[in-house]
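I opened the model to look up its nonpolar cores and a few of its helices and strands. My entries are set down below.

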Amino acid sequence: MSTSTSPLLVRRGAFGTFARGIPLVGLLLVGSMACSSASDGSSDDSTGSGGGASSSSSGGPQTTSTGEGSGVSSTTSGAGSTTTAATSGSGGEASSSSSSSAEGAGGASSSSSAAETSSGSGGSPETGFQPCPATGPCKILPLGDSITFGLGFDGGYRVELFHLATQDGHEVTFTGTQQMNGPAMVDGKPFPRNHEGISGETIQQIANRVPTPALRDVPHIVLLHAGTNDMYQSPNGADTRLGALIDELIAGAPDALIVVSNIIPFPSGANAVSTYNAKVPGVVQERANKGAHVIFVDQFKDFPTSELGDGVHPNKAGYARMAGVWYDAISDYLR
């Protein structure tokens, strides 16, 4: 795998319908309503605690609630970590060798100089560890907030991730208990529309869903992108809360590969993002050193603001970029 995440890292997906990004002023608000649903298809309303990563519907028109909030002002660029990537015996990095589907310019997504992030982990599986079954689909749990949900592009990064895995001959499915969204078919195959992304949720609120209901169907791989809403509401201690969430995942799914990313750019909270992202690799490494199957990937590096459809959520190209990073981290673990 390459040693850095290039702006030209994403394989171009030729499917899906782009949903118009909602104006930033309508997104950086407290109290967005998130729709969740049980695995039996019934749904109930839960109130997300607002912030940058928020939405209120799935599968249909995307909407956000209104209200008042004071967003975090941005005076410097966001930055990723400067520490080394955390692995659990796995080498390589979170990058992709494919061409970009980005429409805008590449490069860092910030307004002023940012510290360089470390490379992501991934690549070769650790010796003797294979989370996916020899037969049947590998179950992947997309866990997070509305960026995991896919606000701005129906199905989010999951669409391109499924495409990448399928074209390489891997059998994967997605798990989760929230309202299903995404296309019905991808590459001529039924698209697994499950996920565990709830709009507006902070790290602690995501942790409140672990182990129940998030791990109801115990996954083989967990993809965790969390913290955007913390940057808007209460960034102090976010790394500690992330560590506690990872611990819950390790306890609830000890045989799963847990892939933890820093967060993509959130320009309105760039200072907080810089501080948080710098700590994430160390949080992951601490658990890996104790023998947990946990690795770090860098979703921030080289993510251009042109791929944020509304200043918070990725557009189609941005989600494809995220998919490429996730896929490079897990591809060697797939069968």
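**Basis.** I worked from a predicted model, in which local features need pLDDT of at least 70, side-chain atom pairs count only at pLDDT 80 or more, and totals for chains, interfaces and linings use all residues. Residues are numbered from 1 along each chain as its sequence is written, and side-chain values use heavy atoms, with hydrogens and water left out.

**Cores.** I took a nonpolar core as a set of buried Ala, Val, Leu, Ile, Met, Phe, Trp, Tyr and Cys residues joined through side-chain atoms within 4.5 Å; buried means under 20% relative accessible area, with a 1.4 Å probe and protein chains only. The largest such core holds 36 residues, and Leu-143, Leu-224, Leu-242, Leu-249 and Val-260 have the most contacts inside it. Elements giving two or more residues to this core include strand E3 (138-144), helix H5 (238-252) and helix H6 (270-289). H6 supplies the largest share, 7 residues. Helices (H or I, at least four residues) and strands (E, at least two) are DSSP runs, numbered from the N terminus. I noted a second, separate core of 35 residues, with Ile-140 and Ala-323 among them.

**Helix H2.** I found 10 of the 11 residues of H2 (157-167) buried. Gly-169, which follows H2, has a positive phi, near 85°.

**Strand E10.** Val-294 and Phe-296 on one side, and Ile-295 and Val-297 on the other, are all buried. I found E9 and E10 parallel, joined by 4 bridges, with Ser-261 opposite Val-297.

Note on methods: Buried means under 20% relative accessible area, exposed over 50%, partly exposed in between (1.4 Å probe, protein chains only). Two strands pair if DSSP finds at least two bridges between them.
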